[in-house]
Structures are given as C-alpha cells and as structure tokens.
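Subject: Model handover

Please find the model below. My notes on it follow.

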Protein chains: 2
Amino acid sequence: MKSILLIGQSNMAGRGYLSDVPAIYNENIEMLRNGRWQMMAEPIHFDREVAGVGPAASFAAAWSQDNPDEKLGLIPCAEGGSSIDEWGADQLLSRHALAETKFAMASSELIGILWHQGENDSLNGHYKNYAKKLKAVFDYFRKELALPELPIVIGELPDFLGKTGFGLSATEFAEINREMAKVAGDNCYLVSAEKLNANPDGIHINAESQRQFGIRYYEAFTQKRNILHALGDEDEQLSKIYGRAATKNEKIYLLSRDFALGRIDYQKFMEKFAEIAE
Amino acid sequence: MKSILLIGQSNMAGRGYLSDVPAIYNENIEMLRNGRWQMMAEPIHFDREVAGVGPAASFAAAWSQDNPDEKLGLIPCAEGGSSIDEWGADQLLSRHALAETKFAMASSELIGILWHQGENDSLNGHYKNYAKKLKAVFDYFRKELALPELPIVIGELPDFLGKTGFGLSATEFAEINREMAKVAGDNCYLVSAEKLNANPDGIHINAESQRQFGIRYYEAFTQKRNILHALGDEDEQLSKIYGRAATKNEKIYLLSRDFALGRIDYQKFMEKFAEIAE
C-alpha cells in the first residue's frame, strides 16, 4: 500500500459542497482514521464542520486508474486558516501531521505530499519571505520523514482571491504564486489554479473545480513536471472516474451506510444484500 | 482548560442522527482537531462517514453549566467496530489515542475518560474475560498518562441489543454489563443504559437517547458514583441546555458557517455581522 500526506490550509482540507459533484468511492482508496485505514468517504478532512470536497479524492481516483492492483491511503492533516509560519519546523501542526504520517507509514509506503496553502499569507507583504519559508517547511518534512527525495506537489492560489467575501483580504495571491514557483524543482512540482471557481464565500474553491484541480495534481505527480495551465481533458477524465462501476465491496459499504442512516429498513437491507452477495 | 478523552466503539463515537436533536454550540466547549482546539460542532468524531451524535456533547454542556468560567476540550478517539482486544496495551488504537491525548495535554488538564464499548464482545462467550481485559485497558491508559487516579466513566450496553439488524449478534450484552460492573470502583463509575432507544439498525443509540446518556455520564462524573437507573430529570436538563442563549462569538461562528456553506449571500452576511457586532 502507498500513501500520500495532505497538508496546507482550507483549500487542501476541502470546502467544496459535497452535493455539487458525484461521490467517489473506491475500495482501493483509503483514508487514515484513528491511525488505521478506512475506505475513503468525503469529507476526507474533518478540521472544521464545513469540510467538504478538496483535491485529494479525484487525485486518488486518477492514481488508482493507473495503479489498479495497488491501494492508496490519504493522510488528512490540512488545517483551515493556517499560515506558513504554523507549518514551520517543530510547530504544532507540523508535529501533529508527522505523528499521523508515522502511524500511516507503519502500514504503507509514503510516496508524496500534496500541498495547498498561502491565502493567509497573501497580504501585508508576507510574500517577501514566503519562498524561503515554504522551502524550509518541505525540508523539515523530508528530513523528519527520512525521505529526502519525497515528491511534493504545490497548487497555486486561484485568481478569484482578493475580490469578495472571505477572499477579500488575500490581495497578494499573485505575489505568493510567484514565490511558490521559486520552490518548484528538486522533486517539487507546481500546479496551475487557472480557471478554478469559488464558492460564494470568495475564498474556497468549489467542488467541481476541486475535482479538476485534483486531476492536475495527479498529472504533475505522475509526469514529474509542472502543470502550468488547465488541462484540456479534465472533465473527460472525471467522467471516466464517475462512470467506474462499483465493486461488490463498495456496494455492500454503501448499502450498510444507507441502513445505518435509516434510509432503508432492515428487510430492504437484507433483500439488497442478498442480491449483491449473489 | 480541562479535557476529557473519549474512547470505545461506535456508540461513543456517536451514530445518532444530527437532524433528530437540537444542536449544541458553546464557545466554552472545544474539540481536538489537528492537535489543536476548535469550538465543538457535531459530529465530534469522524471515524466513519456515518458519525453523528454521541454522549459527549450533552456531557460537556452539563459540565459547562456547572463550570461557567472554564473551558472543556473533548478528545475524540473512539473507533467504530473495535473490540476490547484492540484497546489493549500497545495496540494501535490505544497508542493513537494516547498520542492525541498528549497533544491535548500540552494545553489542558485531562480530568477524565468516557468509555463505551462491548457490542463487539457480546457473543461467543467473550464476556468471560471481559472484566479482566477492561481493567487492563484502564490500567494501561492511566499508567501511560501518568494519572493513576484518573476518573473513568463506563456506560452500560443498552437492552435493545441482540434483537435485530446490526445488533442481532450482540446477544450477550447482559453478561458484558455484569462484567463491567466488576470494574466499577477505584475512580471508575458505571452508568445505566436503561430506557435508551436504537436507530433502525438495532445497534446504535439514537440521538435523543445519546443526549440523555450524556447527562447520566456527567452525573456519574460529577457525583463520583454509579448511576444505576435513568435519571428523572434528563429531559429537563436538556431543555435548559438547548434553551441557553447563544453568545456573540457563537453567533458569529454560526453566521460564518452559513456563509461558507452558501446558505446566505455576502450582503446578508455583512448585515447580520454588523447586527451581532453592535
């Protein structure tokens, strides 16, 4: 089993509305819960009650298509509203993410980090030290995990920032993006946020765009290169992911969930279970 | 700030339907997220996508009424479907719960553990070793946390088990309860599950009953005694909790949440914000 660490702030944690996009279930994609693996179900993160769709689910689904005989585990450690300083060496969020990752690594091989952060630093000239600080974060994680070559994918900030709602104060997103680009290289790959759209709050990437963003993250990860523009075929790739037939285990999972949630009664559960188990 | 560790299986994690009961928000009640504290919002646990209402929220609300000048932090580490063996010394779930608790203890004083578990051991004569194993779990946690006198509240298994749905196989719940009673004493207090009702799945305590159960847990905790029956005034206590007026901070939290979820637009958000801030 392979695993991927997810760190950064709210757009990595995910705030896209779950009801806006088809769900992704895949028994080969898991997420860390209480130090163990469970089949992925969104929201993957739980940092806030508003957690929703981030880039990780479609990233994992694209990875799984290319690696059908392997499992991928997601380690959710992004924290809404966190600044670059809060991800520095020996900071609480970093230490907690490392602790979680070490639980994951007891049963998986860590193959990468997905990073998205910077909204909180897009003001008051903070960008001036951003590249240096970001590099230090990555150096710290690689050192602590004893994986000096660990691939890291960095998502750019979207250009809807700085305009309205909770995004209003993030006026220096373009400067942050310019600094991020300086950190690319050395197994760090940059991913464009071109054409991504916001929730009504003006700061969070919406669910549909997060799905597309995840496809870009995967493209950068698998091709080991920067993705400097939107890909032409994101929606086709997503259609293929959404169109995948559910396996027997996935059907049983969803049926059990519906019964647990009171959506079907016990008789219906047993009937459907018998059909699936046939 | 004080804190409470929540461990056990799904009925501690909570599977009551959120929509069945009034929400509880209180700026003096927090929950651990990424090693830090956030204002409590249910579900407190996130072990499964079906996580919902457990006993902890009403426990905390009752505690907060008696301790208006202090904060309480909840540490959610219960795991759906876990057996008593999985909570033994050096087991993964135990080690993970201890790791989380140590993050919490950096900024709080741990004052107790709430425990609910046993459904998974209510068959095939497993009860025969249950008291011994349960005692060993508590000894291990107290030793590792260097708190030999730490109060622990143990909730009994409800009598709707063993009858239908996912509860069908848990036929030996009465035997498990008998064994639990042997562990009471030595700062461990037993709480009755009398008159608690199930979700349609026949194994999970419903939301209304979880709220009542939480009141009983608090009564045992604060009075340092076993609660062997339903209390007469649980619903009155809950009415008082539900009737508490929201503070300014709580109003701003809920308003921001509604804006983030797209339930209100930016203009409405700003208008309401101005009203609250007045």
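**A buried serine**

A:S83 is buried, at a relative accessible area of 17%; buried here means under 20%, exposed over 50% and partly exposed in between, with a 1.4 Å probe and protein chains only. The loop that holds A:S83 runs between β4 (72-76) and α3 (92-105) of chain A, where helices (H or I, at least four residues) and strands (E, at least two) are DSSP runs numbered from the N terminus. Leaving out residues up to four places away in sequence, A:S83 touches A:Q117, A:N120 and A:D121, a contact being heavy atoms within 4.5 Å.

**Conventions**

This is a predicted model, in which local features need pLDDT of at least 70 and side-chain atom pairs count only at pLDDT 80 or more, while totals for chains, interfaces and linings use all residues. Residues are numbered from 1 along each chain as its sequence is written, chains are lettered from A and ligands numbered from 1 in the order in which they are written, and side-chain values use heavy atoms, with hydrogens and water left out.

**Interface**

The contact takes 41 residues from chain A and 41 residues from chain B. Between them the chains bury about 3,800 Å², 58% of it on carbon and sulfur atoms; buried area is the accessible area (1.4 Å probe) that two parts lose on being put together, summed over both. A:N34, A:R36 and A:E49 supply 20% of the area that chain A buries against chain B, more than any other three residues.

There are six salt bridges between chain A and chain B (a side-chain nitrogen of Lys or Arg within 4 Å of a carboxyl oxygen of Asp or Glu). A:R36 also meets B:E86 in a salt bridge, at 2.6 Å from N to O.

On the side of chain A that touches chain B, the elements giving two or more residues are β3 (36-39), α3, α8 (248-260) and α9 (266-277) of chain A. The largest share, seven residues, comes from α3(A).
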